[in-house]
Amino acid sequence: GSNALAHLLDVVRAVAANGWKIDAIYAPYEMFTSEFAQAKQHALPALELPTQLAATAFYTPSEFLQLVPSPSDQIVRKYVMQDFIADTLTQLEGNRKDCGKCLMQIHGLCNEDVCSVMTTVQHPEDIDPESTLVFEYMMAEVLFSFLLQLPEGLYREMYYTSLAIELRKAEPVILTNVFETMVENIVARVQFIDVECLNRLSNWLAVYISNFGFQWDWKKWADTAGEAEDSPKHRFVQETLLKLIRLSYLDRVRAMLPDSYAALIPAKPPAHNFKFTVQAMDERTRDVSVAMGRCLKSKGTVEQALAILQEHYSQWADIDDEKRQTLAREMLVEHVFLLGSKTFSHMLNAIEKFMPALQKFGDSAEAKLQIAQVTEDFWLRNPQFFAITIDKLINYRVIDPATVVAMLFDNGHVGSWSKFHYWEILHNTVKKVNMRVVQLQGRLEAANAAANAMADDDAPAAESQTAESVEHVEATLAQMVQEQKDVVVSTTRHFARLLSSDSGAAGELDRAWLHGRFKEFLRTYRVQVMENAPVLESEVFTAEASNDVRQAFEDVRKMSA
């Protein structure tokens with residue numbers, strides 16, 4: 001942004017004022033100046049700088065992430081040092097262990113008085129970070145700048161997490177304090193952080209903590225439980241704890257927390273929410289449920305399960321056929337999920353076994369939506385299994401991506417837009433569609449190449465078969481591109497509808513979360529958004545849309561220009 005540009009301008013001016021000399025860089029060649037002066041001179045070719053540079057490929061200083069204000073006379077040294085760190089981080093991305101080792105030694109490339117290195121002195125507490133540059137602070141600032149980079153990070157989030165873990169293993173005392181201070185400084189200003197960055201920081205912190213015995217100074221955030229449930233700090237801390245429970249188990253996480261955190265974690269371990277318990281059913285519903293339960297537990301077939309549903313519900317004369325289908329669909333889905341509720345592999349096997357029955361009952365958009373809603377109700381107390389089950393149902397075409405979008409933006413979720421797992425499911429769904437499009441584009445290129453090779457070999461029969469293959473891939477790709485368009489347009493339409501309505505959010509904080517996720521969606525999928533810009537402009541970003549909704553779209557348009 002403008003702050004980064006102003007900072008870089010200050011750096012350039014400072015270097016120019018010093019005759020373009022940078023004392024931060026160790027220059028061993030200066031020892032051989034006299035020899036070079038007597039050597040043969042060569043004319044160097046003109047250096048042409050590239051005109052098109054991807055901003056995300058370079059380190060951008062962030063004033064927001066500074067652990068302490070930089071000494072005004074050190075801005076050039078700091079920029080050069082952090083550029084060294086950033087280059088090392090990007091060049092050695094393929095090997096986090098080597099990257100960690102090199103990062104801890106990179107200060108050796110500079111003159112000794114450029115910065116202070118806490119890991120090399122006997123009393124690091126004597127170093128004054130306000131009067132000198134501290135190497136470990138600069139390294140943390142670069143690492144977190146890349147982690148929180150928008151519109152997207154240069155590498156996967158997990159790279160920055162695993163690198164931080166390697167660095168802390170190398171220096172368990174100093175860097176533990178540095179990383180904790182960095183996170184605490186960010187969380188102290190959490191209300192100013194983009195929603196996507198907050199999500200990334202939560203992911204980073206959960207994995208980081210889980211690699212070091214779940215140790216963290218939780219007392220510093222002890223007042224979090226007293227804040228509003230959808231306040232940024234409350235949501236950040238709670239979502240981080242929920243991720244820790246995913247990576248461990250509830251009792252382990254509860255044991256490390258002060259008592260004031262009780263309201264931030266579930267009272268019971270994650271579990272299913274099976275609807276058809278004996279106490280909650282009338283007699284004839286209980287008969288169906290008991291029969292279905294016995295059938296599935298005794299490894300009954302798809303045909304046997306469908307026969308049970310038909311036999312029982314056909315006797316209910318007080319409801320019509322549509323209601324019978326709705327009840328039978330719910331009963332089947334609940335029992336299939338119950339059968340697979342033990343582990344991920346059990347769930348996968350259960351869905352796969354009863355896939356024909358699930359597909360049969362998901363024969364319309366309304367039916368698919370009911371299956372998705374039953375899935376959410378069943379895993380109400382286990383967001384992780386909810387996300388995984390939805391993903392598997394899409395894989396097996398029991399539901400489609402449009403179903404997931406409709407389910408997530410249901411009005412029943414108003415007041416819950418701050419919950420991270422809804423957006424995790426949305427991103428998984430859109431990325432899955434995009435990945436299928438890319439895969440089919442690759443298959444089409446391969447099929448066309450094969451067809452051209454057949455044509456050169458003058459083999460009519462084989463050429464005919466290949467042509468049919470090309471047509472099939474083209475048809476499949478066209479269908480998937482249309483699905484991609486439907487998902488992008490419908491998601492954007494839902495966002496705009498809710499944000500432009502007084503009833504689309506439960507208060508200012510809830511709306512702020514929704515708007516933040518809207519901006520994240522537009523940024524992340526800006527290529528697909530701009531591909532469908534004509535449709536979105538005519539159907540979504542109209543005069544009826546709120547000003548901030550239209551502005552978010554304009555911001556993405558400028559970003560894509």
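The structure is a predicted model, in which local features need pLDDT of at least 70, side-chain atom pairs count only at pLDDT 80 or more, and totals for chains, interfaces and linings use all residues. Residues are numbered from 1 along each chain as its sequence is written, and side-chain values use heavy atoms, with hydrogens and water left out. Helices (H or I, at least four residues) and strands (E, at least two) are DSSP runs numbered from the N terminus.

**Salt bridges**

- The count comes to 24 salt bridges, each defined as a side-chain nitrogen of Lys or Arg within 4 Å of a carboxyl oxygen of Asp or Glu.
- One of them joins the side chains of Lys-97 and Glu-166, at 3.3 Å from N to O. This pair connects distant parts of the chain, since Lys-97 belongs to helix 4 (residues 96–105) and Glu-166 to helix 6 (residues 157–170), 69 residues apart.
- The two partners are classed by accessibility as follows: Lys-97 is partly exposed at 44%, whereas Glu-166 is buried at 12%.
- Asp-194, Glu-196, Arg-200 and Arg-523 form a network of salt bridges.
- Arg-523, like Glu-196, is buried.

**The cavity**

- One cavity of 30 Å³ or more is found in a search of the whole structure. On a 1 Å grid over the protein atoms alone, a cavity is a set of points where a 1.4 Å probe fits but cannot get out, and lining residues have an atom within 4 Å of a point.
- The largest cavity has a volume of about 70 Å³; grid points are joined across faces, edges and corners, and a volume is the space filled by probe spheres set on the points.
- Its lining includes Val-68, Pro-69, Lys-78, Thr-132, Tyr-137 and Glu-141. Helix 5 (residues 135–147) supplies the largest share of the lining, three residues.
- The lining residues divide into eight nonpolar, two polar and two charged. Here Ala, Val, Leu, Ile, Met, Phe, Trp, Tyr, Cys and Pro count as nonpolar, Asp, Glu, Lys and Arg as charged, and the others, Gly among them, as polar.

**Loop residues and backbone geometry**

- Most residues other than glycine have a negative phi, and most peptide bonds are trans.
- Arg-397, in the loop between helix 17 (383–395) and helix 18, has a positive phi of about 60° although it is not a glycine.
- Phe-214 likewise has a positive phi of about 60° without being a glycine. Phe-214 is located in the loop between helix 8 and helix 9 (232–247) and is buried, at 7% relative accessibility.
- A cis peptide bond, with omega about 10°, joins Leu-150 and Pro-151; Pro-151 lies in the loop between helix 5 and helix 6.
- His-413 is placed in the loop between helix 18 (401–408) and helix 19 (420–457) and is buried, at 7% relative accessibility.
- Leaving aside neighbours within four places in sequence, His-413 is in contact with Glu-376, Met-407, Leu-408 and Tyr-422, where contact means heavy atoms within 4.5 Å.

Key:
Buried < 20%, exposed > 50% of the residue type's maximum accessible area, 1.4 Å probe, protein only. 1 Å grid on protein atoms, 1.4 Å probe; cavity = no way out; pocket = protein on both sides within 12 Å on 5 of 7 lines; lining within 4 Å.
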